[in-house]
Every structure is written in structure tokens, then in C-alpha cells.
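Here are my notes on this model, as numbered points. Please read them with the structure open beside you.

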Amino acid sequence: MTSSPTSYVQRFLPLRLPRVCLAVTGSDPSELIEKAEGLVRDNPFLEFRLDYLPRPGLALPKIKRFFEMNPHAVVIATCRRANNGGKFRGSVASQLDVLGKAAGAGCQLVDVELQTATKCKPEHLQKLRTRAALILSFHDFHATKKLDVTLEKMRSLPADFFKVVSTATTLYDNVAMMRFLEKESDRHSLVGLCMGEQGIISRVLGVRAGSAFTFAAVSAGEQTAPGQVTAQDLRSVYRIEQVDAATRVYGVAGDPVSHSLSPVIMNTALRRENVNAVYLALHAKTLKDLLACVRDIPIHGLSITMPYKEAILPHLDNTDSHTTKIGACNTVVRAQDGKLYGFNTDTAGVVRPLEQRITLENARILVLGAGGAARAAVFGLKERGCEVFILNRTPVPAQKLARKAKARSVKRADLKKLSFDVIINATPVGMSNTRESPLNENEINARYVFDMIYDPAETRLMKLAQARGVQVIPGIEMFVHQAARQFEIWTGKPAPWDDMLRVVTIALQERAAKTAAKK
Ligand code: NAP
């Protein structure tokens, strides 16, 4: 920390700052302060984005009153200039004037961008520092590069915190940011994180790498930076307040991955079973990037989703024979020696819900599809003594799979003559679409229909089946069972199944409500 003997920070900083600072915006001073009033009880550390106000100076009397009413609040005043990624269009002098007055009104910290700081005289910055702790900030909206060089530039200026924010274009950029924080945070008070969807690792783990605090959004839709997570998610999903050196890191890796419900279900399970671990959505644009992160963060376990379930196999040190047969892996464990082991829990996702309902030995089961999920179902069901039939849009993969698994491939035209105990849909037909079904009503000759699709919660196929008096098994059961099995593999503990099902059901209902509201 580069503080002068007279600086404000020496008096102020013995108080440890909370880990999460909420960025608050408003279209006018009343809205800004009303929002802050609503937040401050649970979130004593706020950032007032004065640059979002058309005339920031008008907010000062309200800020003063805010501190009279909330003396425990800790507030950063930020009035970022438009050139540097903010919205303030005034001069450097008027920016400093606003920040000085905000400090006078009670804000204990002020944020000045490096670009502004280099334009003003050091004595102006020092003057500001007699009233508030100064955060010297730098934002790179394109990349994560030359973090050391940026810090070196910043060090020539008087400041109490150096805030270095970059943009993650790869997962590995988070490693660069966290190495930077680990290396420099003993010598300086740093705030560091990567923006963008791929920056989630640094937003959650940056504080344990040495970032003095991190930023969060008030709500989805009120982000002041790309990829900013809401305070609610940082605290309740990612449990940022508990993240420490011993916290294990897990994640779901895929491309895309933003829609995944795995973080919600897995973080719930980890919290419920008191496992010191966090589970993140890892948007991996390449496998190479993902594997480099697994080694260097290090990541203890991964859920693998599209498009890497098959491509990851050659990169693993070992897989169980079942996973090798299926040729797809959805679960990776990183052992203590750093070796990567692959498993397929989609099988458990299919077999467990069926076992709860029927005797699998000799059960006649039709699997629609011959992709990764179908293969997991076919091999798993064959191992349990089922008679398995496969129908696929393209006949050749179905025939190949049938040969390998000692199952039978069937033609669609034959369906009307055949009957089954269970029909499993392992195709994406009906996903996010309530009008499409892989089968017509008169082709559903079975006691049960099990649709792997879980969004929507009730598919067209399920509706057609119910209309024929056929019982249905929703895809959400598969989703929860495959996740539960992953949890068991990673932690050795039984999974809290009911809680996992509850949170996914709620998340799906919320998603459906949002989609309906948009229509
Ligand atoms: P995949 O490897 O891409 O295989 C897709 C299969 O569906 C292929 O056999 C493909 O046939 C067939 N298919 C694709 N589009 C079709 C269409 N328009 N009409 C008829 N058949 C079509 O995918 P996957 O990983 O196996 O996943 C399949 C489904 O299972 C997805 O909806 C996925 O979300 C779901 N799933 C759910 C869970 C869960 O936890 N509930 C877990 C895993 C998967 P072709 O060979 O002719 O291309």
C-alpha cells in the first residue's frame, strides 16, 4: 500500500472491508439513494456510480443525509469518465470536484481511473486522499494482458488501493489474474478481477488470491460491468464469504454453458452437506483452455457437457470400463496426484429413476436416439439385464450401437406393432419447444415414457403419453440423479436428493415464467 503518513486510509483501513461491494446506480439522486437505503442493512459496502446520474453534483446533499442515517455504511464514490468505460462526460477537473465533494459528504473511498490520474497533478490526488481512501483503477475492456506493467504504471501515483480489472477471453485469463493477485497483494492493497462471462472464476476466487474485495450487481439487469454476478448469487450460490484456501473448486464446462442449471443444483448440495467447495459455470471455448485451468487453479472436479463429452476422453489419464464403452464422459475427478479420471453418471441418471419404478431384468426398453446420452442409457440398461431396442433418425449409428451393446435396432415403421415397458427419448426433439415430439401418439405403446429433456418440464411427448394413459418420468429426474452421482463421486457423501430436486424445479419454473413473460 502506498499511503502517506497523513492519508485518510491509515485512520480508516484498520476496519477490514467486507468482501463484496455492491455497485449501485440510479437515473436520478433519489433513485440512487432509495436503492442504497434498501440495500445497506444487508450490504454495508456500496459503490455509488455517480457517473450514471445526469448531474452527479445534485446527489451530494442526499449522500450526506444517507450517511447521517446509516453511519455504518462504507461507500466508494465513482464518477468514471466515458472515455474510460463510464458515463461521465465532464472534464477531469469536474470529475475530481465531484469526487472531492462526495468524500466531503461521507464517502470513505473514491475511485479515480489511471487515465484521469495521469492527467492531474499529484497534489490534487494527495488532496483527495486527505478526505478519502483513493482507489486508482484501470479497466481493460478487451483482454487480460500486461497486468504487471499496468501495476508498475499505477505505482508511480499516490493511491491506497490499486484496482486492476481486465476482460477474460479465455478461462486461463483468470489464472493470470489470480497469479498476479497472489504475487502482488502482499506488497500492495489490490482489487483484481476479470470481466466477461469467462471471468467468473476470478470474481469468486479473487478474494482468496489476494483481492481486497470484489464487486457485485444489485440484481440481474443492473450490472455495471460485463459478467458482474449479483450479490445474492455471490453470497448464496457461490458462498463467497466462506471461500478460503481450503475451498475446493468444481465446475461445469461446456460451450455454451450460461443456461446450465448445474451451478444451482451443485452449490445447493455442497452447502447442504457442509462441503467446503464452490461450483462454477466454466465457459470453455476450447478443451486446451479448460485443461490448462484444471491443472493450474486447480479444479478438483468437472461436469462435462456439450460439446466435450467425447472429445475429453483422450485427455484423461483413466476412465472406468463403462465410460470407455459408452465413449462419452460427463464427470471428471482430479486426483491428488493431478491425474484426471473420467466417469459417466448419465447412466445412473437413467437407471436410478427406472429402478424405483420397475424391475429392470428382462424389461423391454426402446431408446430413441444414438448419441452420447442414448449410449449411456443403452449400455447401462443392458448391464441390468434389459432387452434394449434402438431407434434413431439416421439408421447407421443405431445399428452400430446395437451391435456393440448387443441390443436391437428397429425401424420407425415397426413401432405400431411393438410394445415396450419403457420408451426413453434421448434426442433433443421437444427441447425448448412444446409443439415437437419424436413420436406420434399412436406410436407410444409402453407403460412408461421417460423423456430426458427437462426444459420444458413437460414436453409434448409427455403430454401425448399421458393422453394415452402412459405414465411419464420427467427429464428432471435424470438431471438430478446424474448430478447426485457426481456429487457422490466427488465428495464420498450421499447426495441431498430432495434439496437438489427442489432447487432445480424452482429454477425451471422461474425460467418458464420469464419466457412466458417475454411472449
Ligand atoms: P447427441 O449426442 O447430439 O445425440 C443426439 C441424438 O438425437 C442423435 O442420435 C440424433 O440423431 C438425434 N436427433 C437430433 N436431432 C434430431 C431430430 N430433429 N429428430 C430426430 N432425432 C434427432 O446428444 P445427447 O448428448 O445424446 O443428448 C440427447 C438429449 O438428451 C438432449 O436433449 C439432452 O439435453 C438430453 N440429456 C438430458 C440429460 C438429463 O440430465 N436430463 C442428460 C444428458 C442428455 P442423428 O444420429 O440422426 O443425428
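Predicted model: local features only at pLDDT ≥ 70, side-chain atom pairs only at ≥ 80, totals over all residues.

1. Next, the polar contacts, which are pairs of N or O atoms within 3.5 Å. The side chain of Asn 392 has an N or O atom 2.8 Å from an oxygen atom of the ligand. Thr 394 places a polar side-chain atom 2.4 Å from a ligand oxygen atom. Met 452 uses its backbone: an N or O atom there lies 2.8 Å from a nitrogen atom of the ligand.

2. How much of the ligand's accessible area does the protein cover? On its own the ligand has 920 Å², and the protein covers 74% of that. Such areas come from the Shrake-Rupley method with a 1.4 Å probe.

3. Helices here are DSSP runs of H or I, at least four residues long, numbered from the N terminus.

4. Now the inside of the protein. The largest nonpolar core has 91 residues. Such a core is a set of buried Ala, Val, Leu, Ile, Met, Phe, Trp, Tyr and Cys residues joined through side-chain atoms within 4.5 Å. Buried means under 20% relative accessible area, exposed over 50%, and partly exposed in between (1.4 Å probe, protein chains only). Leu 46, Phe 48, Leu 50, Ile 63, Phe 66 and Leu 290 have the most contacts inside this core. Helix 4 (residues 92-105) gives the most to it, seven residues. Apart from this core lies another, of 33 residues, including Ile 326 and Phe 379.

5. Look at Phe 48. Among the residues it touches (heavy atoms within 4.5 Å) are Val 24, Ile 63, Phe 66 and Val 75. Residues up to four places away in sequence are not counted.

6. A note on method. Residues are numbered from 1 along each chain, and side-chain values use heavy atoms, without hydrogens or water. Local features need pLDDT of at least 70 and side-chain atom pairs 80 or more, while totals for chains, interfaces and linings use all residues.

Methods. Helix = DSSP H or I, 4+ residues; strand = E, 2+ residues; numbered from the N terminus. Polar contact = N/O pair within 3.5 Å; in protein donor to acceptor, adjacent residues only side chain to side chain.
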